[in-house]
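Here are some friendly notes to read alongside the model. Keep the structure open and look up each pair as you go.

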Amino acid sequence: MLGFVPHPDLPESVNMPFRNRYTGLIDKYRDRLPVHDDTRIISLGESNTPLIRLNNIPALLGKNVDIYVKYEGLNPTGSFKDRGMTMAVTKAVEEGSKAIICASTGNTSAAAAAYAARAGITAFVLIPEGKIAMGKLAQAMIHGAVVIQIRGNFDAGMQIVKDVAEYTPVTIVNSINPFRLQGQKTAAFEIIEELGTAPDYHCLPVGNAGNITAHWMGYSEYHEHGIVNNRPHMVGYQASGSAPFLRGHMVDNPETVATAIRIGHPQSWDKAWAVQKESEGWFDECSDEEILAAQKLLTEKEGVFCEPASATSLAGAMRDIKSGKIAEGSKIVCTLTGNGLKDPETAIKQCDANPMVTVDASVEAVKSAILDNME
Ligand code: F0G
């Protein structure tokens, strides 16, 4: 190995030669992605995220089910968007693009900003004024994207992006860019590789419905190639105030505390309905209260911190497990799309019942704070 010297006192698992370094999903899944041997890959080492088996929540539900959460919040910019963005930006650069553009509820803008920085190109991001979580805004700004706030929601921004891209030399990196879905399908590959099978149910939060579409592509690809002989029922949960798939039509003024999925005009409308039918899955909605309760339960009972939108998958799954719609004995994967740190304000607001303890800087004061708070 080039310059690699194993350390005699370290175990073999640590003494890995450099060639085993993880270099991101395009390198890993090159054969299944539309890249060439000489394509310059723009990567931040995304994907390869943990699939965490929930230890306590199934017991709390009183049901014999296996629930796994795919913790996409551990991607480099803290959301699943990195999977799609490594592909979209790699292809944009390959095609000679000098600038990318997206409308975003926050996470896409963070990923676009980071991957554009990595590539040395410009990112323009349109965000709804006042409606994106603080962590995401910080990311877009610090990576040097041109952040354009609009006095309107995501859906208005998306329409403007589509129009503007017709007249300006910019590549759209929203999930209407087909390379985004190609990157995102790899999450399904990872789940199959880890479980040795597809789950019985795969639950996701749905906004534009790109991710549920991409997952189905991934499951179907491994199925077609005989790597597995099953595919999951795909279940998409939306926030009640932003639930066009439940209403059966576009929603004009979407609202929800889960700002990431505050979307009324999903871009992958037809594709997602096809996924629902083919997979014999369903859509359902969760109230903001249910979403926040699931976020808190997951942090308190399992130690996993996701952002509110992400908790929609678990909120819906828990309801369907309790009711028996998802049967006992099932293997369920819930995608946790984004990291809890993205939205510290909503997290702190959730802790009113468990405020900080402020005391004098003395052993005595801290000691009594400990004794007062022992369970
Ligand atoms: N969860 C999170 C945390 C998201 O940021 C998004 C989408 C979704 C779920 C829904 O995924 O749109 O593929 O159905 N966020 C986009 C953005 C819209 O701009 O960051 P989807």
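1. Start with K131 and E255, whose side chains meet in a salt bridge at 3.9 Å, N to O. A salt bridge here is a side-chain nitrogen of Lys or Arg within 4 Å of a carboxyl oxygen of Asp or Glu. The two residues are 124 residues apart: K131 sits in the loop between β4 (122–128) and α5 (134–142), and E255 in the loop between α10 (244–247) and α11 (269–279). Helices (H or I, at least four residues) and strands (E, at least two) are DSSP runs, numbered from the N terminus.

2. This is a predicted model, in which local features need pLDDT of at least 70 and side-chain atom pairs count only at pLDDT 80 or more, while totals for chains, interfaces and linings use all residues. Residues are numbered from 1 along each chain as its sequence is written, and side-chain values use heavy atoms, without hydrogens and water.

3. Buried means under 20% relative accessible area, exposed over 50%, and partly exposed in between (1.4 Å probe, protein chains only).

4. Now find R83 and E190, which form a salt bridge with their closest N and O atoms 3.0 Å apart. R83 lies in helix α3 (residues 81–94) and E190 in helix α8 (residues 186–195), so this pair ties together parts 107 residues apart in sequence. R83 counts as buried at 1% relative accessibility, and E190 counts as buried at 5%.

5. E221 and K185 form a salt bridge too, at 2.8 Å between the closest N and O atoms. Both E221 and K185 are buried.
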